[in-house]
Amino acid sequence: MSYDYIADNVARIRQELDAACHAAGRDPAGVALVAVSKFHPAAAVAAAAAAGCTVFGESYVQECLEKQAALAHLPVQWHFIGHIQSRKARELAGRAALIHAVDSLKVATLLHKHAQEQCTVQPILLQVNVGCEAQKHGVPPENLEALARQVVQLEAPSHGGIRLDGLMCLPPWLEDPEAVRPFFAQLATLRDRLQQTLGRHLPHLSMGMSHDFMQAVAEGATLVRIGTAIFGERPCTHAA
Ligand SMILES: *Cc1c(COP(=O)(O)O)cnc(C)c1O
């Protein structure tokens, strides 16, 4: 299996990201590309790393840990972007440079406890259900402030544990990416408001995927999560 196409895809995405930053008057250094490698084999990740990708996103704990072990020799970071089940929190804590999709105090508390056991700081984002879609995870926008207040109450920087770094969203899939823009703008507004009420900087907005990352960058994304446009279509079943 040749993964030559991955280098071409990465080069193209980088150009598009640079163009989106330029159009928005933003520094490209302020937008990190998270290459979403879920369901794709370790060899595909290695090809993307050779093409310059340094951050990979995974959605399943087992698959994430297996790829980390297989690719331990590579100088890359792993982000966990999937939904977190309580029973997986122990395995995950301390194993991802950033956990994007925390949406309950229960999971935040478990991650905090297990990170503290390892004396490690675990950066997290809170996932907001900006489209208020019944089938999607994420805290409803109206409950965000209450959850964020509880989460930062847990923080104890000198003892390790979680640290709230920003917000993430997975908005409705809409054919026209311009139609998704209001959801990205909403997440940015929620972040700005939360910075005010908490009185602290929340540096990250994780938003935008293959289909709509240009619009997300225009609205302030600092992390774009791109899978298909780098690795191609995912196999439809999950082996793990
Ligand atoms: C799979 C996934 C992505 C990548 O989506 P693409 O459309 O393939 O770019 C981004 N974010 C999350 C949360 C995902 O689960």
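Thr228 reaches the ligand through its side chain: a polar atom there lies 2.5 Å from a ligand oxygen. Ser210 does likewise, with a polar side-chain atom 2.5 Å from an oxygen atom of the ligand. For Lys38, an N or O atom in the side chain is 2.6 Å from a ligand oxygen. A polar contact here is a pair of N or O atoms within 3.5 Å. Taken alone, the ligand exposes 390 Å², and the protein buries 88% of that (Shrake-Rupley areas, 1.4 Å probe).

This is a predicted model, where local features need pLDDT of at least 70, side-chain atom pairs count only at pLDDT 80 or more, and totals for chains, interfaces and linings use all residues. Residues are numbered from 1 along each chain as its sequence is written, and side-chain values use heavy atoms, without hydrogens and water.

Now the shell. Of the 13 residues around the ligand, Lys38, Ser210, Gly227, Thr228 and Arg234 come nearest (a heavy atom within 4 Å counts as near). By class, the shell has 6 nonpolar, 4 polar and 3 charged residues; Gly counts as polar, and Asp, Glu, Lys and Arg as charged.

The ligand sits in the largest pocket, meaning that more than half of its atoms lie within 2 Å of the grid points. A pocket is an open set of points on a 1 Å grid where a 1.4 Å probe fits, with protein on both sides within 12 Å along at least five of seven lines; lining residues have an atom within 4 Å of a point. The pocket's volume is about 700 Å³. Of its 32 lining residues, Lys38, Ser59, Ile81, Gly82 and Leu170 are closest to the centre. The lining divides into 13 nonpolar, 13 polar and 6 charged residues.

Methods. Points joined across faces, edges and corners; volume = space filled by probe spheres on them. Polar contact = N/O pair within 3.5 Å; in protein donor to acceptor, adjacent residues only side chain to side chain.
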